[in-house]
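Visitor: I would like to learn how to read the features of a protein model, one after another. Could you take me through them with this structure as the example?

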Amino acid sequence: MRWIYLDYNATTPLAPAAQEAMLPYLADRYAHPHADHTPGRVVAEALDDARSRVAGAIGAHADELRWTSGGTEASRNALRGVIEPALRRGETPHLIVSAVEPPAVLGTARFLASLGAELTVVPVSAEGIVSVDAVLAALRADTRLVSVCVANDEVGSCQPVAEIAAACHDEGVLIHTDASLALGKLPLDVGSLGVDMLTLSAHKAYGPKGVGALYVRAGAPIEPELLDAAEPSLGMPNVPGVVGFGAAAAIASAAVDEAATQMRVLRGDLAERLQSGCPDVTIYSGPADARLCNTLCVALPNVTASDLLAAAPEITAQAMATGDPAAISLSPTLDAIGADPAEAAGAVRLSLGWYTDAEEVARAADALLAAWDQCQG
């Protein structure tokens, strides 16, 4: 079976250049980077180079970057590093997140609420957009942190992070954003975004699994516990992973415009083919001018997502609704945008990437439509 991989928002394949960069550090370049000898200094220089590359991909200074085991750890450190010190001081800090945040942010926010923090989850529009006014309305005197992602992974809605950041800073509130999904798809610049912290994950941008980074703005009033948790001064980093992340980030940032244009064209073609074969298909997405280039969330009628994908086993994609027709459970984002469960029962997320081509898009549309026809019978 020739697989059609349309799950790039979950994880991406490792770029050949990233793999090539990693290989020496899986073999003969194994010395400890903190050791005071030549082999150690060689490894340390490679880590410094990778740090500069990843920082450069987001317009940050190298010393503002902290390595983590992935995007989940980075986001957890960001939220916990601000809220937990306040809890230890006997305060009741207030935290704001959007309803379409990734699980690492929403889960951590709810955990902090269980410890005594106050949590506000800001709703979104039917297109999955967080309103700046809604965030402003939620701000309180005791608000310590706001976390709003750059782009949602299910319907591709891009958030007005820069405007939200400006509003937060006017009130003296810190802001964090998860940009894991945006690297390589959108230009990223921490200065333009105005954020205090930003999460990255290598495996979302053609780098290796098991490594991520947290940007922490120099001078941001964040407790030292955050920095200590994110990067122990003498710990052994994931050297091959960090080196691979550096190579992937450099490629992704350099090719972002070309790659985004290609994916946008292919995504449009896929949508048109599905609409032509099934005029009643529902598309869930952000507005045209604030939508991730590679993401297409569609619901074919009168079918469940699990049945649809089971009938098209060559398609590697994500079901956005689970359960039988009488008890459909929607994904967090579809629930947040107010999707009708009956209409969204057949919702699947199709996410394209660097290696998706026109032939795959045509095959994918044909396979999905054939599977839909089969499920009708």
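Predicted model: local features only at pLDDT ≥ 70, side-chain atom pairs only at ≥ 80, totals over all residues.

Visitor: How should I read a sheet, and what is the order of the seven strands that form an open sheet here?

Guide: Strands of a sheet pair through backbone hydrogen bonds, in either the parallel or the antiparallel sense. Strands (E, at least two residues) and helices (H or I, at least four) are DSSP runs numbered from the N terminus, and two strands pair if DSSP finds at least two bridges between them. In this model the seven strands follow the order β2-β8-β7-β6-β5-β3-β4, with mixed pairing. β2 (65–68) and β4 are the edge strands, each having a single partner, so one side of each is left without a neighbour in the sheet. On average, neighbouring strands of this sheet are turned by 20 degrees against each other, direction ignored.

Visitor: How many residues of β3 are buried?

Guide: In a regular strand the side chains alternate between the two faces of the sheet. Buried means under 20% relative accessible area, exposed over 50%, and partly exposed in between (1.4 Å probe, protein chains only). In strand β3 (residues 94–98), five of its five residues are buried; His 94, Ile 96 and Ser 98 lie on one side, with Leu 95 and Val 97 on the other, so that both faces are covered. Strand β4 (residues 118–122) pairs with β3 in the parallel sense over five bridges, with Leu 95 opposite Leu 119 and Ser 98 opposite Val 122.

Visitor: What is the order of the open sheet of four strands?

Guide: That sheet has the order β9-β10-β15-β12, and its pairing is antiparallel. β9 (282–284) and β12 (318–319) are at the edges with a single partner strand each, so one side of each is left without a neighbour in the sheet. Five antiparallel bridges join β10 (residues 295–299) to β15 (residues 347–351), and Thr 295 stands opposite Ser 351 in β15. Helix α10 (residues 256–277) packs on this sheet and touches β9, β10 and β15, its direction making about 10 degrees with that of β10.

Visitor: For residues in loops, is Val 150 buried or exposed?

Guide: Val 150, in the loop between β5 and α6, counts as buried at 7% relative accessibility. Leaving aside neighbours within four places in sequence, the contacts of Val 150 include Ser 157, Thr 177, Asp 178 and Leu 188. Asp 189, in the loop between β6 and α7 (190–193), counts as partly exposed at 31% relative accessibility, and touches Ile 58 and Gly 59, not counting residues up to four places away in sequence.

Visitor: What is the volume of the largest pocket, and which residues are closest to its centre?

Guide: On a 1 Å grid over the protein atoms alone, a pocket is an open set of points with protein on both sides within 12 Å along at least five of seven lines, and lining residues have an atom within 4 Å of a point. Grid points are joined across faces, edges and corners, and a volume is the space filled by probe spheres set on the points. The largest pocket has a volume of about 460 Å³. Of its 22 lining residues, Pro 102, Pro 103, Asp 153, Asp 178 and Lys 204 are the closest to the centre. The largest share of the lining, three residues, comes from α4.

Technical notes
Residues numbered from 1 in each chain as written. Heavy atoms only, no water. 1 Å grid on protein atoms, 1.4 Å probe; cavity = no way out; pocket = protein on both sides within 12 Å on 5 of 7 lines; lining within 4 Å. Contact = heavy atoms within 4.5 Å. Axes fitted to C-alpha atoms, helices over the stretch in contact; angles between N-to-C directions.
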